[in-house]
Structures are given as C-alpha cells and as structure tokens.
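Q: Please take a close look at one part of this model for me: the pockets. I would like to know what lines them.

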Amino acid sequence: MTYTADQQTVLDSASEFFLSATADTFLLTGYAGTGKTTLVRALIEELLDGVGDERLPYNVVLMAPTGRAAVVLAKKTGHAAATIHRTIYKIEDGPQEFDGKLRFMLRENNDSPRTVYFVDEASMVSDMPSDNELLKFGSGCLLHDLLQYCGHRKVVFVGD
C-alpha cells in the first residue's frame, strides 16, 4: 500500500515508539477520514510480524470505550476487540460491602511485556471520577485504571 507523506511520518514515529525503552504511550490523532484506521491496521501487522533487528512479534490487544466502538474497530482491523471495561475489570472476589453496588476490580495483567494496547475512540476515555448508583469500577477513574492495568507496556491512543 502507498501511504501519504503524513501517514508515512506517523508509521516511522510509531516504529521508533515500539522500539523505545522509555516511552509508554503514543497518540494517534486526526479528523475523521484522515486514515487513522488504515494506520492502525498497518501498525498491527507490523507488530505481529516483529519489530526491530530481532523481528520478535508483539501481542496486540484492541480496546474501545463502548461495545459498538469495539465492534467497529474489530470489523475495520480484522482483529478481535473488546470494551476497555471487559478487558481490565473483573467482578470483585469475596464478600462485597452491601451498599447496593456491584463492584468490579482491576484484573491482574498476565500479558507478555511485549504487548501493545490500542485504545480507539480515546477522546471518550476520561480520568474524571465516575459515580454510578449500581456499579463501581476499580478506582472510579477509567484512564487511571487503564494505565495501571497496562503497566509499562506500550499503549497507542487513537482518536479525534
């Protein structure tokens, strides 16, 4: 495939990011129709083929803030995707405090250190505390919990 000059610049920057020992997050932004999904597909294929001199493949996890966005992401990339909540939370073990809320805790992340997380529709991911009458997710701050779950693995945020 032939990429525009801007798309090639993004692909080159992302490749440097994947090989960086210090950078944990990469922002891929652009208006609708600018080719973000095309770039995500290309980056996923690069990661699955292997990056760098060793050409060791990475694991890829695709997430989105809503079920609908996850379905669209999976369809456009050809790879499985899930909601952020489904990926990072599990129902709290043991007895729960009875306050009428169903509580979910952060999952233990056993993914390989060579895992890259793609978060689509990233502008919808907030770090503002959320309080729901029926549900309690982790710390209540989705972005905080997501970054804690990912640890020092690579995260690519994609959005407008």
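**A closer look at the pockets**

A: Let's start with strand β7 (residues 135-137), which gives three residues to the lining of the second largest pocket, the most of any element; strands (E, at least two residues) and helices (H or I, at least four) are DSSP runs numbered from the N terminus. The model is predicted, with local features needing pLDDT of at least 70 and side-chain atom pairs 80 or more, while totals for chains, interfaces and linings use all residues. Residues are numbered from 1 along each chain as its sequence is written, and side-chain values use heavy atoms, without hydrogens or water.

A pocket here is an open set of points on a 1 Å grid where a 1.4 Å probe fits, with protein on both sides within 12 Å along at least five of seven lines; lining residues have an atom within 4 Å of a point. The second largest pocket has a volume of about 210 Å³. Its lining holds 13 residues, and nearest its centre you will find His-85, Ser-130, Asp-131, Phe-137 and Gly-140. By class, that lining has six nonpolar, five polar (Gly among them) and two charged residues.

For comparison, the largest pocket holds about 280 Å³ of space. Among its 16 lining residues, Lys-36, Thr-37, Lys-76, Asp-120 and Glu-121 come closest to the centre. Helix α3 makes the largest contribution to this lining, four residues, and α2 (36-49), α3 (67-77) and β8 (154-159) each supply at least two. Here the classes are six nonpolar, five polar and five charged residues.

Technical notes: Points joined across faces, edges and corners; volume = space filled by probe spheres on them.
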